[in-house]
Amino acid sequence: QVQLVESGGGLVQAGGSLRLSCEASGSILRIDAMGWYRQAPGKQRELVATITSTGVTNYAGSVKGRFTISRDNARNTVFLQMNSLKPEDTAVYYCNAAGVQTILPTDFHVWGQGTQVTVSS
């Protein structure tokens, strides 16, 4: 079974930076897409950024130019560098991964437990 563990959240002032990490472990054969999503209080979970195994990225318009997603395939880890943070970036950030594992069912699509990011004004 594949599991995701996130780290790097916290409290930061507006204009500051944070870097989130998410490491996948378990019966992994291949990870295809990895990504970050966020959910603010009273709102639906929304896409922040995704990255394929070949490095193709996709960003939500609200974070483009401020956030950068990257991954280390050898370590099954995805990162989210967040710069110029705004109070509206405050949310629980969730890591997501999809791919193929060595046990049945072979396809997996898993979520991390979430990490809180709070940006004060």
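**View 1. The largest pocket of this predicted model holds about 180 Å³ of space**. A pocket here is an open set of points on a 1 Å grid over the protein atoms alone, where a 1.4 Å probe fits, with protein on both sides within 12 Å along at least five of seven lines. Its volume is the space filled by probe spheres set on the points. The pocket is lined by 13 residues, each having an atom within 4 Å of a point. R38, A40, K43, E46 and E88 lie nearest its centre.

**View 2. V100 sits in strand β9, residues 91-101**. Strands are DSSP runs (E, at least two residues) numbered from the N terminus. V100 has a relative accessible area of 13%, so it is buried (under 20%, 1.4 Å probe, protein chains only). Beyond neighbours within four places in sequence, V100 contacts I28, L29, R30, T106, D107 and F108 (heavy atoms within 4.5 Å).

**View 3. S27 lies in the loop between β3 (18-25) and β4 (28-39)**. S27 is buried because its relative accessibility is 14%. Its side chain makes a polar contact with the side chain of Q101, at 3.5 Å. Such a contact pairs N or O atoms within 3.5 Å, one able to donate a hydrogen and the other to accept it. Neighbours within four places aside, S27 touches Q1, V2, Q101, T102 and I103.

**Notes.** Residues are numbered from 1 along each chain, and side-chain values use heavy atoms, without hydrogens and water. In this predicted model, local features need pLDDT of at least 70 and side-chain atom pairs 80 or more, while totals for chains, interfaces and linings use all residues.

Conventions. Helix = DSSP H or I, 4+ residues; strand = E, 2+ residues; numbered from the N terminus. Buried < 20%, exposed > 50% of the residue type's maximum accessible area, 1.4 Å probe, protein only.
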